[in-house]
2 protein chains.
Amino acid sequence: MTKASQRLFGFLAGRRGPWIIQGNMAVIGEALPAAERLLIVDYACELAEADCTWHLEGVTSHDRYVTRDEKNALLAQQPPLGRLSADCAAFIAVRKSSAWWALTQDERRNIIEDQSQHIALGMRYLPAIARRLHHCRDLQTAQPFDFLTWFEFAITDIPAFDQLLKILRASIEWQFVEREIDLRLVRARDV
Amino acid sequence: MTKASQRLFGFLAGRRGPWIIQGNMAVIGEALPAAERLLIVDYACELAEADCTWHLEGVTSHDRYVTRDEKNALLAQQPPLGRLSADCAAFIAVRKSSAWWALTQDERRNIIEDQSQHIALGMRYLPAIARRLHHCRDLQTAQPFDFLTWFEFAITDIPAFDQLLKILRASIEWQFVEREIDLRLVRARDV
(Lines give C-alpha, C1' and ligand atoms only; values in the text may rest on other atoms or scores of the structure.)
Protein backbone atom coordinates (compact mmCIF):
# COMPACT_ATOMS: atom_id res chain seq x y z
CA MET A 1 0.00 0.00 0.00
CA THR A 2 2.99 2.28 -0.29
CA LYS A 3 2.85 2.50 -4.07
CA ALA A 4 2.67 6.14 -5.20
CA SER A 5 -0.52 7.50 -6.71
CA GLN A 6 -0.46 7.57 -10.50
CA ARG A 7 -1.68 11.17 -10.31
CA LEU A 8 1.18 12.35 -8.08
CA PHE A 9 3.74 14.81 -9.44
CA GLY A 10 6.87 16.10 -7.77
CA PHE A 11 8.46 19.50 -8.40
CA LEU A 12 12.15 19.38 -7.50
CA ALA A 13 14.15 22.61 -7.48
CA GLY A 14 17.91 22.33 -7.50
CA ARG A 15 20.64 21.93 -10.07
CA ARG A 16 18.93 19.39 -12.34
CA GLY A 17 16.05 19.51 -14.76
CA PRO A 18 14.99 20.80 -18.17
CA TRP A 19 13.59 24.10 -16.89
CA ILE A 20 15.84 27.05 -16.01
CA ILE A 21 14.39 29.18 -13.22
CA GLN A 22 14.60 32.83 -14.30
CA GLY A 23 12.25 34.45 -11.80
CA ASN A 24 11.25 33.51 -8.26
CA MET A 25 8.84 36.00 -6.73
CA ALA A 26 6.99 35.79 -3.42
CA VAL A 27 3.73 37.53 -4.37
CA ILE A 28 2.17 37.00 -0.93
CA GLY A 29 3.99 35.67 2.15
CA GLU A 30 7.24 33.81 2.57
CA ALA A 31 9.55 33.21 -0.42
CA LEU A 32 10.88 29.89 -1.68
CA PRO A 33 14.69 29.47 -1.67
CA ALA A 34 16.45 30.30 -4.93
CA ALA A 35 17.46 27.43 -7.22
CA GLU A 36 18.87 27.07 -10.74
CA ARG A 37 16.56 24.50 -12.29
CA LEU A 38 13.29 22.65 -11.89
CA LEU A 39 12.67 18.96 -12.50
CA ILE A 40 9.11 17.64 -12.72
CA VAL A 41 8.73 13.95 -11.92
CA ASP A 42 5.78 11.59 -12.34
CA TYR A 43 4.75 9.74 -9.17
CA ALA A 44 8.31 9.08 -8.03
CA CYS A 45 8.96 11.24 -5.04
CA GLU A 46 11.57 9.02 -3.44
CA LEU A 47 14.09 10.93 -5.60
CA ALA A 48 16.92 12.11 -3.37
CA GLU A 49 15.46 15.03 -1.48
CA ALA A 50 18.88 15.77 -0.08
CA ASP A 51 19.86 16.76 -3.58
CA CYS A 52 17.09 19.37 -3.82
CA THR A 53 16.84 22.96 -2.70
CA TRP A 54 13.12 22.39 -2.29
CA HIS A 55 10.60 19.75 -3.22
CA LEU A 56 6.84 20.11 -3.57
CA GLU A 57 4.22 17.51 -4.42
CA GLY A 58 0.65 17.49 -5.67
CA VAL A 59 -1.93 15.22 -7.29
CA THR A 60 -4.09 15.94 -10.30
CA SER A 61 -7.71 15.29 -9.47
CA HIS A 62 -11.35 15.56 -10.59
CA ASP A 63 -12.97 18.93 -11.30
CA ARG A 64 -14.04 20.82 -8.21
CA TYR A 65 -15.92 23.85 -9.56
CA VAL A 66 -16.58 23.73 -13.31
CA THR A 67 -20.03 22.84 -14.56
CA ARG A 68 -20.58 20.49 -17.50
CA ASP A 69 -21.04 23.42 -19.90
CA GLU A 70 -17.84 25.05 -18.69
CA LYS A 71 -15.95 21.77 -18.88
CA ASN A 72 -17.07 21.11 -22.44
CA ALA A 73 -15.98 24.62 -23.45
CA LEU A 74 -12.61 24.09 -21.74
CA LEU A 75 -12.07 20.66 -23.30
CA ALA A 76 -12.69 22.12 -26.76
CA GLN A 77 -9.87 24.64 -26.32
CA GLN A 78 -7.35 23.34 -23.77
CA PRO A 79 -3.94 22.64 -25.30
CA PRO A 80 -1.71 19.83 -24.01
CA LEU A 81 1.53 20.39 -22.10
CA GLY A 82 4.78 19.82 -23.97
CA ARG A 83 4.10 21.87 -27.11
CA LEU A 84 7.33 22.64 -28.94
CA SER A 85 6.28 26.28 -29.31
CA ALA A 86 5.89 26.65 -25.53
CA ASP A 87 9.38 27.56 -24.37
CA CYS A 88 8.22 29.45 -21.31
CA ALA A 89 6.62 28.17 -18.13
CA ALA A 90 5.28 29.42 -14.83
CA PHE A 91 4.87 27.55 -11.57
CA ILE A 92 2.35 29.20 -9.26
CA ALA A 93 2.03 27.82 -5.72
CA VAL A 94 -0.90 29.04 -3.64
CA ARG A 95 -2.16 28.52 -0.11
CA LYS A 96 -5.62 29.77 0.80
CA SER A 97 -6.75 30.80 4.28
CA SER A 98 -8.65 28.72 6.82
CA ALA A 99 -11.58 31.12 6.23
CA TRP A 100 -11.67 29.90 2.62
CA TRP A 101 -11.72 26.23 3.60
CA ALA A 102 -14.48 26.84 6.14
CA LEU A 103 -16.78 28.02 3.32
CA THR A 104 -19.27 25.60 1.78
CA GLN A 105 -19.17 24.54 -1.87
CA ASP A 106 -21.88 27.02 -2.96
CA GLU A 107 -20.06 29.87 -1.19
CA ARG A 108 -16.69 29.00 -2.76
CA ARG A 109 -18.21 28.62 -6.24
CA ASN A 110 -19.95 31.97 -5.80
CA ILE A 111 -16.63 33.67 -5.01
CA ILE A 112 -14.60 31.83 -7.66
CA GLU A 113 -16.95 32.37 -10.56
CA ASP A 114 -19.89 34.70 -9.84
CA GLN A 115 -17.68 37.28 -8.11
CA SER A 116 -14.22 36.60 -9.59
CA GLN A 117 -14.89 35.03 -13.05
CA HIS A 118 -11.89 32.75 -12.54
CA ILE A 119 -13.10 30.08 -14.99
CA ALA A 120 -14.38 32.48 -17.67
CA LEU A 121 -11.19 34.55 -17.43
CA GLY A 122 -8.94 31.51 -17.85
CA MET A 123 -10.98 30.50 -20.89
CA ARG A 124 -10.13 33.76 -22.66
CA TYR A 125 -6.44 32.81 -22.63
CA LEU A 126 -6.95 29.47 -24.38
CA PRO A 127 -5.42 27.87 -26.36
CA ALA A 128 -2.35 30.08 -25.71
CA ILE A 129 -1.81 28.97 -22.10
CA ALA A 130 -1.53 25.25 -21.26
CA ARG A 131 -2.16 24.40 -17.61
CA ARG A 132 -2.06 21.51 -15.17
CA LEU A 133 -3.46 21.90 -11.64
CA HIS A 134 -2.17 19.82 -8.72
CA HIS A 135 -3.85 19.58 -5.32
CA CYS A 136 -1.74 19.29 -2.18
CA ARG A 137 -3.99 20.25 0.71
CA ASP A 138 -5.20 16.70 1.33
CA LEU A 139 -1.98 14.73 1.02
CA GLN A 140 -0.75 12.44 3.81
CA THR A 141 2.18 14.73 4.58
CA ALA A 142 1.66 18.33 5.67
CA GLN A 143 2.26 20.71 2.77
CA PRO A 144 3.10 24.43 2.61
CA PHE A 145 0.65 25.03 -0.27
CA ASP A 146 -2.88 23.98 -1.25
CA PHE A 147 -2.38 24.14 -5.03
CA LEU A 148 0.51 23.96 -7.48
CA THR A 149 -0.26 25.07 -11.02
CA TRP A 150 2.07 24.53 -13.96
CA PHE A 151 1.63 26.69 -17.06
CA GLU A 152 3.35 26.50 -20.46
CA PHE A 153 3.21 29.15 -23.19
CA ALA A 154 5.21 30.77 -25.99
CA ILE A 155 7.46 33.72 -25.24
CA THR A 156 5.07 35.94 -27.20
CA ASP A 157 2.27 35.06 -24.76
CA ILE A 158 4.08 36.31 -21.63
CA PRO A 159 2.20 39.67 -21.67
CA ALA A 160 -1.15 37.86 -21.92
CA PHE A 161 -0.21 35.55 -19.04
CA ASP A 162 0.87 38.50 -16.90
CA GLN A 163 -2.41 40.25 -17.65
CA LEU A 164 -4.40 37.16 -16.57
CA LEU A 165 -2.51 37.02 -13.27
CA LYS A 166 -3.00 40.72 -12.68
CA ILE A 167 -6.78 40.41 -13.03
CA LEU A 168 -6.96 37.28 -10.85
CA ARG A 169 -4.81 38.82 -8.12
CA ALA A 170 -7.17 41.78 -7.95
CA SER A 171 -10.22 39.49 -7.60
CA ILE A 172 -12.31 38.76 -4.50
CA GLU A 173 -11.06 35.17 -4.62
CA TRP A 174 -7.48 36.34 -4.08
CA GLN A 175 -8.44 37.98 -0.78
CA PHE A 176 -8.40 34.40 0.55
CA VAL A 177 -4.85 33.71 -0.69
CA GLU A 178 -2.37 33.85 2.18
CA ARG A 179 0.73 32.68 0.32
CA GLU A 180 1.62 32.81 -3.36
CA ILE A 181 4.84 32.04 -5.18
CA ASP A 182 5.36 32.90 -8.86
CA LEU A 183 8.25 31.07 -10.53
CA ARG A 184 9.13 31.82 -14.17
CA LEU A 185 11.08 29.36 -16.27
CA VAL A 186 12.46 28.76 -19.75
CA ARG A 187 13.24 25.47 -21.42
CA ALA A 188 16.95 24.61 -21.33
CA ARG A 189 18.64 23.87 -24.64
CA ASP A 190 21.05 21.32 -23.18
CA VAL A 191 18.61 18.52 -22.41
CA MET B 1 8.27 18.12 4.59
CA THR B 2 7.64 14.55 5.70
CA LYS B 3 5.55 15.53 8.72
CA ALA B 4 2.15 13.85 8.59
CA SER B 5 -0.94 15.94 7.92
CA GLN B 6 -2.82 16.85 11.08
CA ARG B 7 -6.00 15.66 9.38
CA LEU B 8 -4.66 12.19 8.58
CA PHE B 9 -6.19 9.15 10.31
CA GLY B 10 -5.06 5.54 10.11
CA PHE B 11 -7.35 2.52 10.51
CA LEU B 12 -5.31 -0.50 11.56
CA ALA B 13 -6.97 -3.92 11.68
CA GLY B 14 -5.21 -6.65 13.62
CA ARG B 15 -5.05 -7.85 17.18
CA ARG B 16 -4.90 -4.46 18.90
CA GLY B 17 -7.34 -1.65 19.48
CA PRO B 18 -10.44 -0.67 21.44
CA TRP B 19 -12.93 -1.86 18.83
CA ILE B 20 -13.87 -5.53 18.40
CA ILE B 21 -14.75 -6.38 14.80
CA GLN B 22 -17.99 -8.37 14.83
CA GLY B 23 -18.99 -8.14 11.18
CA ASN B 24 -16.95 -7.77 7.99
CA MET B 25 -19.11 -7.75 4.89
CA ALA B 26 -18.10 -7.08 1.28
CA VAL B 27 -21.23 -5.32 0.02
CA ILE B 28 -19.79 -4.73 -3.45
CA GLY B 29 -16.52 -6.17 -4.77
CA GLU B 30 -13.54 -7.72 -3.05
CA ALA B 31 -13.61 -8.38 0.72
CA LEU B 32 -11.09 -7.15 3.31
CA PRO B 33 -9.22 -9.86 5.26
CA ALA B 34 -10.72 -10.83 8.60
CA ALA B 35 -9.21 -9.34 11.78
CA GLU B 36 -10.06 -9.27 15.47
CA ARG B 37 -9.77 -5.60 16.33
CA LEU B 38 -9.51 -2.11 14.90
CA LEU B 39 -7.21 0.67 16.09
CA ILE B 40 -7.75 4.24 14.90
CA VAL B 41 -4.67 6.46 15.02
CA ASP B 42 -4.27 10.21 14.59
CA TYR B 43 -1.72 11.21 11.95
CA ALA B 44 0.82 8.56 12.92
CA CYS B 45 0.83 5.99 10.19
CA GLU B 46 4.39 4.84 10.71
CA LEU B 47 2.91 2.35 13.21
CA ALA B 48 4.25 -1.09 12.39
CA GLU B 49 2.31 -2.14 9.32
CA ALA B 50 3.84 -5.59 9.62
CA ASP B 51 1.78 -5.99 12.75
CA CYS B 52 -1.49 -5.28 10.93
CA THR B 53 -3.80 -7.46 8.91
CA TRP B 54 -4.68 -4.38 6.91
CA HIS B 55 -4.12 -0.66 7.16
CA LEU B 56 -6.12 2.13 5.53
CA GLU B 57 -5.62 5.89 5.65
CA GLY B 58 -7.67 8.98 4.96
CA VAL B 59 -7.77 12.72 5.65
CA THR B 60 -10.66 14.76 6.92
CA SER B 61 -11.24 17.73 4.65
CA HIS B 62 -13.49 20.65 3.74
CA ASP B 63 -17.10 20.15 2.64
CA ARG B 64 -17.50 19.07 -0.96
CA TYR B 65 -21.27 19.14 -1.56
CA VAL B 66 -23.28 20.70 1.27
CA THR B 67 -24.61 24.21 0.87
CA ARG B 68 -24.45 26.77 3.68
CA ASP B 69 -28.07 26.08 4.68
CA GLU B 70 -27.43 22.34 4.81
CA LYS B 71 -24.20 22.83 6.74
CA ASN B 72 -25.88 25.02 9.34
CA ALA B 73 -28.63 22.42 9.77
CA LEU B 74 -26.02 19.66 10.14
CA LEU B 75 -23.91 21.64 12.61
CA ALA B 76 -26.96 22.19 14.80
CA GLN B 77 -27.56 18.46 15.12
CA GLN B 78 -24.29 16.58 14.57
CA PRO B 79 -23.08 14.75 17.69
CA PRO B 80 -19.36 14.30 18.45
CA LEU B 81 -17.55 10.98 18.29
CA GLY B 82 -16.69 9.28 21.59
CA ARG B 83 -20.06 9.47 23.32
CA LEU B 84 -20.25 7.01 26.22
CA SER B 85 -23.66 5.84 25.03
CA ALA B 86 -22.26 4.92 21.59
CA ASP B 87 -20.97 1.38 22.08
CA CYS B 88 -21.41 0.38 18.45
CA ALA B 89 -19.54 1.51 15.38
CA ALA B 90 -19.44 0.94 11.66
CA PHE B 91 -16.58 1.47 9.23
CA ILE B 92 -17.75 1.85 5.65
CA ALA B 93 -15.10 1.96 2.92
CA VAL B 94 -16.22 2.96 -0.56
CA ARG B 95 -14.63 3.29 -3.97
CA LYS B 96 -16.55 5.01 -6.75
CA SER B 97 -16.12 4.35 -10.47
CA SER B 98 -14.06 6.35 -12.94
CA ALA B 99 -17.40 7.38 -14.52
CA TRP B 100 -18.25 9.12 -11.24
CA TRP B 101 -14.97 11.01 -11.10
CA ALA B 102 -15.34 12.12 -14.72
CA LEU B 103 -18.55 13.96 -13.80
CA THR B 104 -18.46 17.68 -13.10
CA GLN B 105 -19.38 19.20 -9.72
CA ASP B 106 -22.93 20.13 -10.80
CA GLU B 107 -23.53 16.62 -12.13
CA ARG B 108 -22.24 14.94 -8.95
CA ARG B 109 -24.25 17.26 -6.71
CA ASN B 110 -27.35 16.54 -8.80
CA ILE B 111 -26.92 12.79 -8.31
CA ILE B 112 -25.95 13.00 -4.61
CA GLU B 113 -28.73 15.27 -3.50
CA ASP B 114 -31.39 16.00 -6.15
CA GLN B 115 -31.63 12.35 -7.19
CA SER B 116 -30.41 10.47 -4.10
CA GLN B 117 -31.14 12.81 -1.14
CA HIS B 118 -27.91 11.67 0.51
CA ILE B 119 -27.53 14.80 2.68
CA ALA B 120 -31.22 15.11 3.64
CA LEU B 121 -31.40 11.39 4.44
CA GLY B 122 -28.35 11.51 6.71
CA MET B 123 -29.88 14.49 8.51
CA ARG B 124 -32.91 12.41 9.53
CA TYR B 125 -30.64 10.10 11.55
CA LEU B 126 -29.13 12.90 13.64
CA PRO B 127 -28.24 13.14 16.46
CA ALA B 128 -28.37 9.34 16.82
CA ILE B 129 -25.53 8.60 14.38
CA ALA B 130 -22.14 10.31 14.81
CA ARG B 131 -19.96 10.33 11.69
CA ARG B 132 -16.51 11.27 10.46
CA LEU B 133 -15.67 11.19 6.76
CA HIS B 134 -12.11 10.61 5.51
CA HIS B 135 -10.96 11.16 1.92
CA CYS B 136 -8.34 8.86 0.41
CA ARG B 137 -8.61 9.27 -3.34
CA ASP B 138 -6.06 12.09 -3.51
CA LEU B 139 -3.37 10.84 -1.15
CA GLN B 140 0.26 10.46 -2.25
CA THR B 141 0.07 6.68 -2.08
CA ALA B 142 -2.40 4.72 -4.21
CA GLN B 143 -5.40 3.64 -2.12
CA PRO B 144 -7.99 0.90 -2.60
CA PHE B 145 -10.86 3.18 -1.55
CA ASP B 146 -11.97 6.78 -2.16
CA PHE B 147 -13.75 7.31 1.19
CA LEU B 148 -13.60 5.83 4.67
CA THR B 149 -16.50 6.73 6.95
CA TRP B 150 -16.55 6.00 10.66
CA PHE B 151 -19.93 5.92 12.45
CA GLU B 152 -20.72 5.62 16.18
CA PHE B 153 -24.15 4.92 17.67
CA ALA B 154 -25.94 3.18 20.55
CA ILE B 155 -26.95 -0.47 20.24
CA THR B 156 -30.60 0.62 20.09
CA ASP B 157 -29.86 2.64 16.95
CA ILE B 158 -28.57 -0.30 14.90
CA PRO B 159 -31.94 -0.78 13.12
CA ALA B 160 -32.04 2.92 12.18
CA PHE B 161 -28.47 2.77 10.85
CA ASP B 162 -29.26 -0.34 8.80
CA GLN B 163 -32.31 1.38 7.37
CA LEU B 164 -30.22 4.41 6.33
CA LEU B 165 -27.72 2.16 4.54
CA LYS B 166 -30.50 0.23 2.82
CA ILE B 167 -31.98 3.43 1.37
CA LEU B 168 -28.57 4.80 0.30
CA ARG B 169 -27.56 1.53 -1.34
CA ALA B 170 -30.73 1.60 -3.42
CA SER B 171 -30.03 5.18 -4.59
CA ILE B 172 -28.82 6.39 -7.98
CA GLU B 173 -25.59 7.52 -6.31
CA TRP B 174 -24.76 3.93 -5.34
CA GLN B 175 -24.82 2.86 -8.99
CA PHE B 176 -21.40 4.54 -9.13
CA VAL B 177 -20.00 2.52 -6.19
CA GLU B 178 -17.71 -0.23 -7.41
CA ARG B 179 -16.43 -1.46 -4.05
CA GLU B 180 -17.97 -1.23 -0.58
CA ILE B 181 -16.93 -2.80 2.72
CA ASP B 182 -19.18 -2.70 5.79
CA LEU B 183 -17.41 -3.45 9.07
CA ARG B 184 -19.40 -3.59 12.32
CA LEU B 185 -17.72 -3.11 15.68
CA VAL B 186 -18.38 -2.92 19.42
CA ARG B 187 -16.34 -1.16 22.05
CA ALA B 188 -14.11 -3.56 24.01
CA ARG B 189 -14.47 -3.56 27.78
CA ASP B 190 -10.80 -4.30 28.44
CA VAL B 191 -9.27 -1.00 27.33
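**View 1. Glu180(A) is buried, at 0% relative accessibility.** The model is predicted. The cut-off for burial is under 20% relative accessible area, so Glu180(A), at 0%, counts as buried. Glu180(A) lies in strand S8 of chain A, residues 177-187. Its side chain has a polar contact of 2.8 Å with the side chain of Trp174(A). A second polar contact, of 2.9 Å, links the side chains of Glu180(A) and Arg169(A).

**View 2. Surroundings of Glu180(A) in chain A.** Which residues does Glu180(A) touch, leaving aside those up to four places away in sequence? They are Met25(A), Ala26(A), Val27(A), Ile28(A), Ile92(A), Ala93(A), Val94(A), Arg169(A) and Trp174(A). Arg169(A) is the partner in the 2.9 Å polar contact. Trp174(A) is the partner in the 2.8 Å one.

**View 3. The buried side of helix H1 in chain A.** H1(A) spans residues 68-77. Glu70(A), Lys71(A) and Leu74(A) are its buried residues shown here. They span an arc of only 95 degrees around the axis, so they sit on the same side of H1(A). An α-helix has 3.6 residues a turn, so residues three or four places apart point the same way. Cover for the buried residues of H1(A) includes helix H3 (105-115) and helix H4 (118-124) of chain A.

**View 4. The opposite face of H1(A).**

**View 5. The interface of chain B and chain A.** Chain B gives 38 residues to the contact, and chain A gives 38. The size of an interface is often given as the accessible area lost when the parts come together. Here the area buried between the chains is about 3300 Å². Carbon and sulfur atoms give 45% of that area.

**View 6. Polar links between chain B and chain A.** Across the interface, 27 residue pairs are in polar contact, both residues at pLDDT 80 or more. Strand S4 (54-59), helix H1 (68-77) and helix H3 (105-115) of chain B each supply at least two residues of the side that touches chain A. That side of chain B divides into 13 nonpolar, twelve polar and 13 charged residues.

**View 7. A salt bridge between Arg64(B) and Asp138(A).** The closest N and O atoms of Arg64(B) and Asp138(A) are 2.6 Å apart. How many salt bridges are found across the interface of chain B and chain A? There are six.

Terms used: Residues are numbered from 1 along each chain as its sequence is written. Chains are lettered from A and ligands numbered from 1 in the order in which they are written. This is a predicted model: local features need pLDDT of at least 70, side-chain atom pairs count only at pLDDT 80 or more; totals for chains, interfaces and linings use all residues. Side-chain values use heavy atoms; hydrogens and water are left out. Buried means under 20% relative accessible area, exposed over 50%, partly exposed in between (1.4 Å probe, protein chains only). Helices (H or I, at least four residues) and strands (E, at least two) are DSSP runs, numbered from the N terminus. The arc is that of the directions from the helix axis to the C-beta atoms. Contact means heavy atoms within 4.5 Å. Buried area is the accessible area (1.4 Å probe) that two parts lose on being put together, summed over both. A salt bridge is a side-chain nitrogen of Lys or Arg within 4 Å of a carboxyl oxygen of Asp or Glu. A polar contact is a pair of N or O atoms within 3.5 Å; within protein, one must be able to donate a hydrogen and the other to accept it, and residues adjacent in sequence count only if both atoms are side-chain atoms. Ala, Val, Leu, Ile, Met, Phe, Trp, Tyr, Cys and Pro count as nonpolar, Asp, Glu, Lys and Arg as charged, and the others, Gly among them, as polar.
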